[in-house]
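Good morning, colleagues. Please look at the sequence and the structure on the screen.

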Amino acid sequence: MRLWPTNDQRRLLGKPFIRALLPLAERRGISSSELFRGTSLSEQKLQINNFRLTDHEMLLLLASAEEKINDPHLWQLVVETLFSDRLNPLIDLTVHAKTLKQALIHLSRFQSLLQPFLFTPTQRFENYLQLDFIPVEGLSGKMNQLCYSANCKIGVAILLMLGRARGLAINQWHVALPDDISPLPTWKKWVKKVSSRPICGLSIPAEQLQEHSPERNLAQYHQALSFCQMQHQTQAQASVMLSVFKWLDYQLETGHDASLTELAAEIGISLSSCKRLLASHGYSFQQIYDLVRLHKLLNLLQKHPYSNVELAQKLGYSNPNNFRRACKRWLGIVPEELRQQQSALFISNSAL
């Protein structure tokens, strides 16, 4: 049976990813010292810390690799290495879960064992499941963009590899990407459609959620679950951003106000500690709240072409003009343009 290191979550997060990434980078002429240049990382630091990375360091590494390694196949190869060499217990846990639905629940709960903030809480529509990959914050403007590009490519690649490992018809899946992010070459062979969308997303036919894995191994599944639970328990803050995201989403859904003070009370920490907690993940309260609103906006428009007044109310804005300005700030387009894009995506997904 496979045994994984039982140190801490950072080792599980950093070491497998580096073991997969560094040899691929070196074969493309990019040494580890070059890859770490301009970041807070170094080979000596990694050796001393046994390959442990903070979330911020991981984001810097993703952005650096995206910028310096000129290979469109890179992230697909990294993910394939994670799967083929079983470098993380979450791989076994999701591959051998009973159904895809169970696999996605595990992936959502333990996603920080693979990379920071893989995807948001899923949204179920009439005949498909929607997963969104939210933008990252906390780096400089260009580095944010590079990191989001890498994060999206890795996240989608992980899910597609999971679908293939479980024997699912991923040619029926639908990938949507921002215009400035190019799909990985392999995806065009695997999926039915790759389209444009302000935020990266993946749509999966709902009928596939209950399909069982033909290669399920219960022994590997239970061992992997034990390791993931162990790491999750020793790192209480590992999924804190997902919890914050869900709480803010619930506040919007139920029409309740949300503030940093109320969030701190919900988590059970002081106001200053809450600020530091969000900052340690690269966010301010307003930034994470805006991302929740943006996620909700996109999903609302996939259900129905709501008016600006209706959208403003559902997103907690008292004035539709404030909502319109926020949409322009988030996406660079006004709600009317976004409504047209999302209507096209709704028609595409309805055909899945």
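I shall go from the whole chain to the sheet, and then to one serine.

This is a predicted model, in which local features need pLDDT of at least 70 and side-chain atom pairs count only at pLDDT 80 or more, while totals for chains, interfaces and linings use all residues. Residues are numbered from 1 along each chain as its sequence is written, and side-chain values use heavy atoms, with hydrogens and water left out.

The chain has 17 helices and five strands; these are DSSP runs numbered from the N terminus, helices being H or I with at least four residues and strands E with at least two. Of its 352 residues, 57% count as buried, that is, under 20% relative accessible area with a 1.4 Å probe, protein chains only.

The five strands form an open sheet of mixed pairing, in the order 1-2-5-3-4; two strands pair if DSSP finds at least two bridges between them. At the edges are strand 1 (123–124) and strand 4 (193–196), each pairing on one side only. Strand 3 (residues 174–177) pairs with strand 5 in the antiparallel sense, over three bridges. In this pairing, V175 stands opposite L202 of strand 5.

Finally, the serine. S203 lies in strand 5, which spans residues 201–205. Is S203 buried or exposed? Its relative accessibility is 2%, so S203 counts as buried. The S203 side chain makes a polar contact with the side chain of Q130, at 2.7 Å. Such a contact is a pair of N or O atoms within 3.5 Å; within protein, one must be able to donate a hydrogen and the other to accept it, and residues adjacent in sequence count only if both atoms are side-chain atoms.

Notes:
Buried < 20%, exposed > 50% of the residue type's maximum accessible area, 1.4 Å probe, protein only.
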